[in-house]
Amino acid sequence: SSVVDGNFEEVPRETAIQFKPPLYRQRYQFVKNLVDQHEPKKVADLGCGDTSLLRLLKVNPCIELLVGVDINEDKLRWRGDSLAPFMGDFLKPRDLNLTIILYHGSVVERDSRLLGFDLITCIELIEHLDSGDLARFPEVVFGYLSPSMIVISTPNSEFNPLFPSVTLRDSDHKFEWTRMEFQTWALYVANRYDYSVEFTGVGEPPAGAENVGYCTQIGIFQKNGGRATEACVSEQHDQHVYKAVFTTSYPSLQQERFFKLVLVNEVSQQVESLRVSHLPRRKEQDGEQGDKPKDIGGSKAPVPCFGPVFTEVEKAKIENSPKPFCVGDKFFVPLQRLLAYPRLNRLCANEEMMRSVIADSIPLSSDGSAVVTDLCNYFDEQFEF
């Protein structure tokens, strides 16, 4: 495995095959690309090892439940903290909830908590199973768990002669299959459990050796007829044989407190941006004192020099919305104006929703239709806009 995964310390440099990026990264990136394409909500990685694949997948916005299963409990406990949310995850919450769970257990044991998944991955796993476990593996993963999609990768032994002094790539491997052996097994399993399968791989062979195929061969299994029905899942009795060793949840906009925090912050930033952009116009209006509202919105939608870049449609929407105005030294920004900005429009469906969330955190006009703030403050005076 040291040769295959890119560590060549014990192998003469001139004879080693180097993969760029390293082969393990190519395998993980392959799975990530598949997730990007199919957008599964529930994903489990069997034989997750050091959780590298889980850490790559957890940033994907479509995933709401991410599970890792491994026989090595110490490794799971040691790597669990790397899956916990960081400060940045609280400052910028996800759109959807995300829960990550690590289970200690064998991949040939049945646990009902893994039923109903959209995708189950088995990356470099089956070659570590002895003959008894390999025989039980399809019955558990394909028959019992029966996810919508399964991805299995395993070494292609036809590639091994290209490595110096390699018979098996890892001392723990019980076998390594040729492409024909893997495809024969995969087609039999797919047919028995009502899946279709297509074959591909990662790790291109060097020029002149194309006939050996990919270094890592991959089978992508898809359940015929799509997802397992709810009835099939509900028929299963609770079987909790795995031991949960790590669980964490990420902040998201689906959680009320984080949604309010983000919305209040976005509204405050947008109001401040509009206020500052209109300060220079205040000098032009010094001769027009009084309580009469003064439209200071201008004819064009303001586009901050270092802010977001709006499309023409977005600019038109902003321009056609109610403009900010002043009454005395107070600056008013209509909620409808705020809702015209894409980031706020994505967060809030309508004016009533925005008003109900920010009312106890941001000053509003007497009729609740606009955010109110002082047009000038101490810092403006210091820097003389």
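This is a predicted model: local features need pLDDT of at least 70, side-chain atom pairs count only at pLDDT 80 or more; totals for chains, interfaces and linings use all residues.
Two residues are said to be in contact when heavy atoms of theirs lie within 4.5 Å. Phenylalanine 137 touches Val107, Val108, Cys122, Leu125, Ile126, Leu129, Phe142, Ile152 and Trp185, leaving aside residues up to four places away in sequence.

Several of these partners return in the largest nonpolar core. This core has 37 residues, and Leu114, Phe137, Phe142, Ile152 and Trp185 are the ones that touch the most other members. Two or more residues come from each of strand E1 (42–46), strand E2 (65–70), strand E3 (98–104), strand E4 (119–123), helix H5 (131–145), strand E5 (149–155), helix H6 (179–192) and strand E6 (195–202). The biggest contribution is that of H5, with six residues. In soluble globular proteins, nonpolar side chains tend to be buried together.

The chain contains 13 helices and twelve strands. Of its 385 residues, 47% are buried. Among contacts between residues at least 6 apart in sequence, 72% join residues at least 24 apart. The accessible surface of the chain comes to about 20,100 Å², and carbon and sulfur atoms account for 51% of that area.

Met87, Phe90 and Leu91 make a nonpolar surface patch of about 350 Å². Methionine 87 belongs to helix H4 (residues 87–91), and it counts as exposed because its relative accessibility is 60%, over the 50% cut-off.

Not counting residues up to four places away in sequence, serine 106 touches Ile71 and Tyr242.

Finally, what about the cysteines? The structure holds zero disulfides. For cysteine 376, the closest cysteine sulfur is in cysteine 326, 8.3 Å away, which is too far for a bond because a disulfide needs the two sulfur atoms within 2.5 Å. Cysteine 376 is partly exposed, with a relative accessible area of 40%, whereas cysteine 62 counts as buried at 11% relative accessibility.

Note on methods:
Residues are numbered from 1 along each chain as its sequence is written. Side-chain values use heavy atoms; hydrogens and water are left out. Buried means under 20% relative accessible area, exposed over 50%, partly exposed in between (1.4 Å probe, protein chains only). A nonpolar core is a set of buried Ala, Val, Leu, Ile, Met, Phe, Trp, Tyr and Cys residues joined through side-chain atoms within 4.5 Å. Helices (H or I, at least four residues) and strands (E, at least two) are DSSP runs, numbered from the N terminus. Patches are made of residues with over 30% relative accessible area and no salt bridge: like charges are joined within 9 Å, nonpolar side chains (Val, Leu, Ile, Met, Phe, Trp, Tyr) within 5 Å. Accessible areas come from the Shrake-Rupley method with a 1.4 Å probe; for residues, only the protein chains shown count as cover. A salt bridge is a side-chain nitrogen of Lys or Arg within 4 Å of a carboxyl oxygen of Asp or Glu.
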